[in-house]
Amino acid sequence: MNYIAWLWHHSRGIRFNTVVRIVTGIGQVALGLLMVWLSRKFIDETIRTGTADDVLRMVLLLVLTVLGGVALRQVGYWLTTTAGVHQSNALRLRIFSSLFRRQLYTEQELHSGDVTSRLVKDIETISSVCTDTIPQIAITFIQLCGAFLLMRWFDARLAWALLLLTPMAIVFGKLISRRLRKMTLDIREDESRIQMQVQESMEHNAVLRSLGSEQWVTDRLESMQQRLKGNVMRRMRFTVAMRIVMGCVFGLGYLLAFVWGGISLRNGTITFGVMTSFLQLVGMIQHPILQLLNMVPTVIHCTASIDRLEELSVQDKKEIRDNPCNSVPNKMVRLDDVSFRYANGDSEILQHFTHQFAPGTKTAIMGQTGIGKTTLFRLILGFIQPTSGRVEVGGNICYVPQGNTLMSGTIRYNLQLAKPTATDDELRQVLHTACADFVFDLEDGLDTELGERGCGLSEGQAQRIAIARGLLHDGDILLLDEISSSLDESTEKDLYHRIFTALPQKTMIFITHRSTVCELCDDIVLIENEKKQFASHS
Ligand SMILES: Nc1ncnc2c1ncn2[C@@H]1O[C@H](COP(=O)(O)OP(=O)(O)OP(=O)(O)O)[C@@H](O)[C@H]1O
């Protein structure tokens, strides 16, 4: 993986900002060096031989230099923050939208907790490297060169001696990078696991309580956290050891410069002003080298994060089948000799399945549990591709899955997901068709706020709103998966009667275990057990 090319490609929106940030940083470096030069001049010349006016002018210059440094630092902070939020927003948006295009139900299916962790932690790491570390590396390098040149002007031998620390630091950085990268990947994986555990436990909180497994799950989380702590401590020990080694090298470097300066001062080869500037410059050379070294782990964390984000984007390249297709008449669905096996499955779920769902017809799909009814829907939706055979769909499809699929937000928001421009009248009409008129008896009606998964409603109520949402969609073909499982018999009858009367023109395919809907359908497709073929009864 070419990380530099990746970062270059993904930093389009912040390149100008980065250049300005580097120029600001160079300004800061220039002011720092000016300060060194002015200090020497102040101590060696102005204090000794200058007039009161000269001293005042010099003090003013020093104050302006300090203030200039402060102002440039704030500009740098402003630029970094702006670029940071821009960069993480852009990355998050790209990955988020790619999640809707990725292939579903494959071997590489990721846990939503893991995806969340990548969208938060990894994007944060990458954008901090793009907007802070990279400009900082450029500025630090320039500071190193500037300080070295000025130091050479004072004392060439010492300047070279101090600069020798740079290749040492590079070799050292290279040596540690592989180990550090592995440790970082382990930590990221632990963080993802924790995120998955917390997310899933929150989602199934009631079930876990009813099973009495709160303690067991909490202990499991604790052991995951212990593992994370162990890995963080391991990385910390490694980093501390690395810093101790470098700290000793740099401390000795400083002492060397200090003693060297003292001896030169005693011998009268340098002045007090040169000695002061000298020590400032030693700091200005050592500090950037140390900073560059400290940036090594950050850059390594960033490469690990790029790999993790790329895992999400790889799936992005496999586009799902385009719907609709033109080879069949509008509103028709045709499956021709379709066989399918899941990537991680050992047997074929469907074998040579052939059927034609004629435009405007209503069909019930039946068959024992686990036989492949939902898989058939996934094939029609284009979420999965047949191992052999063809699936052709003439029109837009809307899918109403089984279970509670409402989201947090108002009822209006949940309905408008299917048609953002829907008027209140349209909403009222579909809610009536879906036997969900109860919404208008709620205090806030359509603006009633729902919790996660429609919390605040009964299962049957949530199911009817989900059905209304499906009916609102302007798709020509409706796939409805056990939509009446939570309804009583009379509401169920009423529901199907209203749907069939209100939308006679739509092609509808129902997965069902109940006879109520079968009696109303034009066709029944039975997926049979042994050969996994089908039988059709009109
Ligand atoms: N993502 C998946 N990966 C691998 N196998 C899967 C996957 N989803 C479903 N299966 C398997 O495919 C088979 C058919 O599942 P499917 O959900 O289509 O059955 P179904 O007829 O809709 O069942 P039910 O009536 O219980 O909803 C099952 O044996 C199931 O284990």
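Modeller: Start with Phe510. Setting aside neighbours within four places in sequence, Phe510 contacts Ala364, Ile365, Leu480, Val517 and Cys521. Contact means C-beta atoms, placed from the backbone, within 7 Å. This is a predicted model: local features need pLDDT of at least 70, side-chain atom pairs count only at pLDDT 80 or more, and totals for chains, interfaces and linings use all residues. Residues are numbered from 1 along each chain as its sequence is written.

Phe510 belongs to the largest nonpolar core, which has 58 residues. Along with Ile365, Ile380, Ala434, Ala468 and Leu479, Phe510 touches the most other members. Helix H13, residues 459–472, supplies the largest share of this core, with 7 residues. Apart from that core lies another, of 17 residues, including Leu144, Ala147, Phe278 and Val282. (A core joins buried Ala, Val, Leu, Ile, Met, Phe, Trp, Tyr and Cys through C-beta atoms within 7 Å; buried means 20 or more other C-beta atoms within 10 Å.)

Now the helices, taken as DSSP runs of H or I, at least four residues. H2 covers residues 15–49 and H3 covers residues 52–99. Their axes lie 9 Å apart, at an angle of about 160 degrees. H2 is therefore roughly antiparallel (over 145 degrees) to H3. Their contact has 14 nonpolar, 14 polar and 3 charged residues. (Asp, Glu, Lys and Arg count as charged; Ala, Val, Leu, Ile, Met, Phe, Trp, Tyr, Cys and Pro as nonpolar; the others as polar.)

H4 spans residues 112–154. The axes of H2 and H4 come within 9 Å and cross at roughly 25 degrees. So H2 and H4 run roughly parallel (under 35 degrees). H2 brings Thr18, Arg21, Ile22, Gly25, Ile26, Val29, Leu33 and Val36 to this contact. From H4 come Ile134, Pro135, Ala138, Ile139, Ile142, Gln143, Gly146, Ala147 and Leu150. By class, the H2 contact with H4 divides into 12 nonpolar, 4 polar and 1 charged. Ala147 also sits in the core of 17 residues.

H3 packs on H4 too, at about 145 degrees, with the axes 9 Å apart. On the H3 side are Thr80, Ala83, Gly84, Gln87, Ser88, Leu91, Arg92, Ile95, Phe96 and Leu99. They meet Val115, Leu119, Ile123, Glu124, Ile126, Ser127, Ser128, Cys130, Thr131 and Asp132 in H4. Axes are lines fitted to C-alpha atoms over the stretch in contact, with angles from 0 to 180 degrees between N-to-C directions.

How values were computed. A residue is buried if 20 or more other C-beta atoms lie within 10 Å of its own, exposed if 12 or fewer, and partly exposed in between; C-beta atoms are placed from the backbone. Helices (H or I, at least four residues) and strands (E, at least two) are DSSP runs, numbered from the N terminus. Two residues are in contact if their C-beta atoms, placed from the backbone, lie within 7 Å. Angles under 35 degrees count as roughly parallel, over 145 as roughly antiparallel, 65 to 115 as roughly perpendicular and the rest as oblique.
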